[in-house]
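Hi,

Here is the structure I said I would pass on.

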Amino acid sequence: MPRWWLETEPGDADPSQVVPRYVIPEATVLASGEYLVLFQQETSLVLPDEGGDLRLGRSGEEIVDSVTWGLVDADHSYARSDDGSWQISDAPSPGAANAP
């Protein structure tokens, strides 16, 4: 089973800085229709409202998916819609399908 990881980088990051990475525990299994909610306190990853980059990878350095976002207002989220596009949502939905 590949090791999955997330890493984030603020939009104004210094390229010489080490990018933080969170390795998802190997015992994590999601059934169809389930969602994984991760909190900053457990991952130490920061997703700044001002924008940044988030990458999902596995097994070493293979990047499987990524997103870059700009400014997002407080109490909003940047979410992937059913058609695969990314959009700002005014209804964050942790643990459920992304709200439009």
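**What I found**

Ser-59 is partly exposed, because its relative accessible area is 44%. Before I go further, please keep in mind that this is a predicted model. You'll find Ser-59 in the loop between strand 3 and strand 4, and its phi is positive, about 40°, although the residue is not a glycine.

That loop belongs to a hairpin: strand 3 and strand 4 form it, with three residues between them. The two strands run antiparallel, and seven bridges join strand 3 (residues 52–58) to strand 4 (residues 62–69). If you want a spot to start from, go to Arg-58, which stands opposite Glu-62 in strand 4.

**The overall picture**

How many helices and strands does the protein have? The secondary structure comes to one helix and six strands. Reading along the sequence, you get the pattern β-β-α-β-β-β-β. Of the 100 residues in the protein, 22% are buried. The accessible surface comes to about 7,000 Å², and carbon and sulfur atoms account for 52% of it. As for contacts, among those with a separation of 6 or more, 36% are between residues 24 or more positions apart.

**Another serine with a positive phi**

Ser-44 also deserves a look. Its phi is positive, about 65°, although Ser-44 is not a glycine. This residue sits in the loop between helix 1 (40–43) and strand 3. Is Ser-44 buried or exposed? Its relative accessible area is 55%, and the cut-off for exposed is over 50%, so Ser-44 counts as exposed.

Now move along to strand 5 (77–80). Four bridges join strand 5 to strand 6 (residues 86–89), and these strands run antiparallel. They form a hairpin with five residues between them, and in its turn Gly-84 has a positive phi of about 95°.

The side chains along strand 5 alternate. Tyr-78 has Ile-88 as its bridge partner in strand 6. Tyr-78 counts as partly exposed because its relative accessible area is 29%.

His-76 lies in the loop between strand 4 and strand 5. Its relative accessibility is 33%, so it counts as partly exposed. Which residues does His-76 touch, leaving out those up to four places away in sequence? They are Ile-88, Ser-89, Asp-90 and Pro-92. The His-76 side chain also reaches the backbone oxygen of Ala-74, at 2.9 Å. One more distance for His-76: Ser-93 is 17 residues apart from it in sequence and 9.8 Å apart in space, C-alpha to C-alpha.

**Thr-8, a buried residue in strand 1**

Thr-8 is found in strand 1 (residues 4–10). Why does Thr-8 count as buried? Its relative accessibility is 2%, and the cut-off for buried is under 20%, so Thr-8 falls in that class.

What does the side chain of Thr-8 reach at 3.0 Å? It is the backbone oxygen of Asp-53. A polar atom of the Thr-8 side chain also lies 3.3 Å from the backbone oxygen of Val-46. Leaving out residues up to four places away in sequence, Thr-8 touches Val-19, Pro-20, Leu-45, Val-46, Leu-47, Asp-53, Leu-54 and Trp-69.

**A charge over a ring**

Last one: find Trp-5 and look at its ring. The charged end of Arg-21 sits over that ring, 3.7 Å from its centre.

Cheers

Note on methods. Residues are numbered from 1 along each chain as its sequence is written. This is a predicted model: local features need pLDDT of at least 70, side-chain atom pairs count only at pLDDT 80 or more; totals for chains, interfaces and linings use all residues. Side-chain values use heavy atoms; hydrogens and water are left out. Two strands pair if DSSP finds at least two bridges between them. Buried means under 20% relative accessible area, exposed over 50%, partly exposed in between (1.4 Å probe, protein chains only). Contact means heavy atoms within 4.5 Å. Accessible areas come from the Shrake-Rupley method with a 1.4 Å probe; for residues, only the protein chains shown count as cover. A polar contact is a pair of N or O atoms within 3.5 Å; within protein, one must be able to donate a hydrogen and the other to accept it, and residues adjacent in sequence count only if both atoms are side-chain atoms. A charge sits over a ring if NZ of Lys or CZ of Arg is within 6 Å of the ring centre and within 35 degrees of the ring normal.
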